[in-house]
Structures are given as structure tokens and as C-alpha cells.
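Subject: Structure handover

Hello,

Here is the structure for you to look through. Please open it first and then read the notes below it.

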Amino acid sequence: MTIRIGVIGTGAIGREHIHRCDKVLQNSTVVAVNDINVEAVDQVVKEQKLKAKIYADGHELIKANDVDAVLVTAIGDKHEEFVLAALEAKKPVFCEKPMAPTAEACKHIVDAETKCGKRLVQVGFMRPFDLGYLALKKILDSKTLGEPLIVNCRHFNYTNVSYYTTDMAINDTFIHEIDVLRWLLGDDYESVQVFFPRRSCNSPEKVGDPQIVIVRTKKNVIVNAQLYVFTKYAYDVQCEVIGEHGIAALPEPVAIPVLKDGQISHPVLIDWKTRFIDAYDVELQAFVDNVSAGKFTVGASAWDGYAAAVAADACVRAQKSGKVETIEMPPKPSFYNK
Ligand code: NAP
């Protein structure tokens, strides 16, 4: 059975996912697209030679009879509105991260999904599908390193997004680490403090960049995460776990060293699109398969989206207060343990 997908938001990741769902994955096709940016939506239909209908209104797209499932890839503060509308229509929905920028907005989605009586939401946290993270988790779970003690993370972007704000470094960027480390460590979060070193001349005046986020987990692991969004030199994701008996870290992306003119060099990534390209494919295929099966068993749930937002809210409070902020994680409802 081919799943007919409608996509709301045809910006950077929307275009990537449209290509993926229409041309790469099995059993899926894109039949409907929407964006408030009319030029962007026209361009994607032409460039990707889509046989999709263009909708002027995302809500009309959700209601369309030939749309089996919805992808929400508009910017973060628009996600809640469209995910709630998809749930109202009882349609499966893949929502890019963050599920919504605040825990309060995410809770509305959790409540609406619970009311539906079945899981219909998958959130776009793709890192648990990445082969590097999967290999790292296997090592940690084997206990060969003993217990994890310290995690060093780096999340550097090469961006020129004009609407970026200081809190987006948390709820749009660091949210990836928040999600993946819960899964990787099998742990949850206790408290957080955020530090702002000297501001980079690359960063817009109003954005606090870089930032250092220190998170303490319930099992007393300390996460030291360096965030630098406007690097102008690399897209770089690192994760190193220091255990009682050894250290394990994410592998570097493949890059061929070239010896020439008296030096050895290799390219580094500057674009997020290629770093996790395989993980996006597996993640979206899982969504299509979940929809086909009529049961969501793989991928981040709305509860994962909410849990990440609870931690992100505390990080944003810590950005403002400069103090250690407690992360109060509510217990997971049985609905999400089924
Ligand atoms: P983007 O390039 O700015 O694209 C967002 C698109 O949504 C724009 O075309 C925008 O139009 C449109 N839009 C805004 N409001 C809308 C509305 N009410 N209805 C329909 N369309 C609307 O942003 P992006 O980089 O693709 O990011 C989109 C989402 O994906 C964000 O939540 C981001 O965090 C997430 N993302 C995830 C990953 C990942 O690794 N998983 C990577 C990148 C992005 P205008 O341009 O006119 O505003």
C-alpha cells in the first residue's frame, strides 16, 4: 500500500523530506504541499517534478481525502497548530523537531493524542537512527566501559538563518542532544546551568553565541555541551562518553585525506543535510511503515517530544537566570509505555 503524504512547510528540510518521501523511500508518494511562501512551494513542485496539489492553506491539506498522512516541516512555532489539526482529523503526523518550542505547547499535543486513544505522532529526532549513535549505544549498553561518568558534546552549525534567537540554540539546536542523550544513556535529567563565553563576531548582535550547557542527569552523569551556531567554518557534531574503564566517541563522517603540495588535507562538512542523511531516510521510512502498519512502534513519540521540551524549558530558564535550574520531568503515562 502506498502512503499518500501531504507536506506543510517546503523550506530547507521540507524540500529534503519531500524528495525522500517521493523519490527515495518505499511505499510513499507526496500528493499535497503547502507553504505560506508561495514561491518556495512552486519551486519545489517544479524542481522535483512532483504530481502534488498545492494548497494555499495547511488546514485544507490536512482535511483532503487523498492525504493519508501529514508531514509538518514549517518552523517550530507553527508545529502545534498543524499537529493538533492532524490529530483532530485522526491522521498520522510526522512533526519535525522541536515538536513545539515550549513544554506547554507540547503538552497540548500529548493530551490531544491521548484523547485519540492511539499513537499518531512521530517526532523528527533522527539521531537514534544514526549508525554512529547506534554503535556508541551498543558499546555503552555492553558495560565494557563500566558506567558513564561524563559526556562531552559539540554542536557547531554553519548557519545564516536570520530569525535565529538565543533560546533557539536550546529549543531548536541543543534539543537534538537533549533527545539523543536520554536514549543513549538510558537516563533522565536533573538540572542544568548555561554559560555564555565571549560572543563571537560571526554571531548576530542579539544572539548569545556560543553557549556552554552543563546538564546533570538523575544518575549524576555530567554533560558538557558546547553550542556554537554561527561558526562560519563547520557543521560539527561530536559526542564523547567517558566511562569508568574507558572512553567511546562518535566516529567522524567519512572524508578522504588528500596528500598534495606538501600537506595532507580533507574536507569537513558545512551543511547539516549530509551529516545525518542516512538517518533521515531510515527515520522517514519508519514513519511510512508505522502508518502502513496502523501502529507506531518505531521513532520518537509525542512523549519524547514533550520530555525534550521540559528539559529545554529549564535550559532557557538557565540561560536567563545564570543559575542552576531544576528539570522537573513528569512521570511517563502508561499510554506511552504500550
Ligand atoms: P525554513 O527553511 O525556514 O522552512 C520553513 C518553511 O515553513 C518556510 O518556507 C516558511 O515560509 C514556512 N512556513 C512558515 N509558517 C508557515 C505556515 N503557517 N504554514 C506553512 N508554511 C509555513 O526552516 P527549516 O530549516 O526547513 O526548518 C523547519 C523545521 O525543521 C524547524 O522546526 C527545524 O528545527 C526543523 N529542522 C530539523 C532538522 C533535523 O535535523 N531534524 C534540520 C533542519 C530543520 P517563510 O520562509 O515565508 O517563513
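Which residues does Trp 272 touch, not counting residues up to four places away in sequence? Trp 272 touches Ala 12, Ile 13, Glu 16, Tyr 235 and Tyr 280, where contact means heavy atoms within 4.5 Å.

Before the rest, some notes on the source. This is a predicted model, in which local features need pLDDT of at least 70 and side-chain atom pairs count only at pLDDT 80 or more, while totals for chains, interfaces and linings use all residues. Residues are numbered from 1 along each chain as its sequence is written, and side-chain values use heavy atoms, with hydrogens and water left out.

Trp 272 is found in helix α8, residues 272–275. Helices (H or I, at least four residues) and strands (E, at least two) are DSSP runs, numbered from the N terminus. Trp 272 counts as partly exposed because its relative accessibility is 26%. On this scale buried means under 20% relative accessible area, exposed over 50%, and partly exposed in between (1.4 Å probe, protein chains only). From Trp 272 to Thr 159 the distance is 9.4 Å, C-alpha to C-alpha, and the two are 113 residues apart in sequence.

Leaving aside neighbours within four places in sequence, His 176 is in contact with Lys 97, Gly 124, Phe 125, Met 126, Arg 127 and His 155.

Cores

A nonpolar core is a set of buried Ala, Val, Leu, Ile, Met, Phe, Trp, Tyr and Cys residues joined through side-chain atoms within 4.5 Å. The largest one has 89 residues, and Val 213 and Cys 239 have the most contacts inside it. Helix α10 (residues 302–321) gives the most to this core, with 13 residues. Another core lies apart from it and has 21 residues, among them Ile 5, Val 33, Val 44 and Phe 94. Outside the four places on either side in sequence, the contacts of Cys 239 include Tyr 133, Leu 136, Val 151, Leu 181 and Leu 250.

Aromatic pairs

How many aromatic pairs does a search of the whole structure find? The search finds eleven. Rings of Phe, Tyr and Trp (its six-membered ring) pair if their centres lie within 6.5 Å; planes under 30 degrees apart count as stacked, over 60 as edge-to-face and the rest as tilted. The pair of Trp 303 and Tyr 336 is tilted, because the planes are at 35°, with the ring centres 6.0 Å apart. Trp 303 lies in helix α10 and Tyr 336 in the segment after β15 (325–326), so the pair ties together parts that are 33 residues apart in sequence. Both Trp 303 and Tyr 336 are buried. Tyr 336 also forms an edge-to-face pair with Phe 335, at 4.8 Å centre to centre and 85° between the planes. Phe 335 is buried as well. Trp 303, Tyr 306, Phe 335 and Tyr 336 form one aromatic cluster.

Cavity and pockets

On a 1 Å grid over the protein atoms alone, a cavity is a set of points where a 1.4 Å probe fits but cannot get out; a pocket is an open set with protein on both sides within 12 Å along at least five of seven lines; lining residues have an atom within 4 Å of a point. Grid points are joined across faces, edges and corners, and a volume is the space filled by probe spheres set on the points.

The structure holds one cavity of 30 Å³ or more. The volume of the largest cavity is about 50 Å³. Its lining has nine nonpolar, no polar and one charged residues. Here Ala, Val, Leu, Ile, Met, Phe, Trp, Tyr, Cys and Pro count as nonpolar, Asp, Glu, Lys and Arg as charged, and the others, Gly among them, as polar. Helix α7 gives the most to this lining, with four residues.

The largest pocket has a volume of about 1400 Å³. It is lined by 49 residues, and the closest to its centre are Ala 12, Ala 74, Ile 75, Tyr 163 and Asp 172. The largest share of this lining, five residues, comes from α7.

The second largest pocket has a volume of about 550 Å³.

Regards
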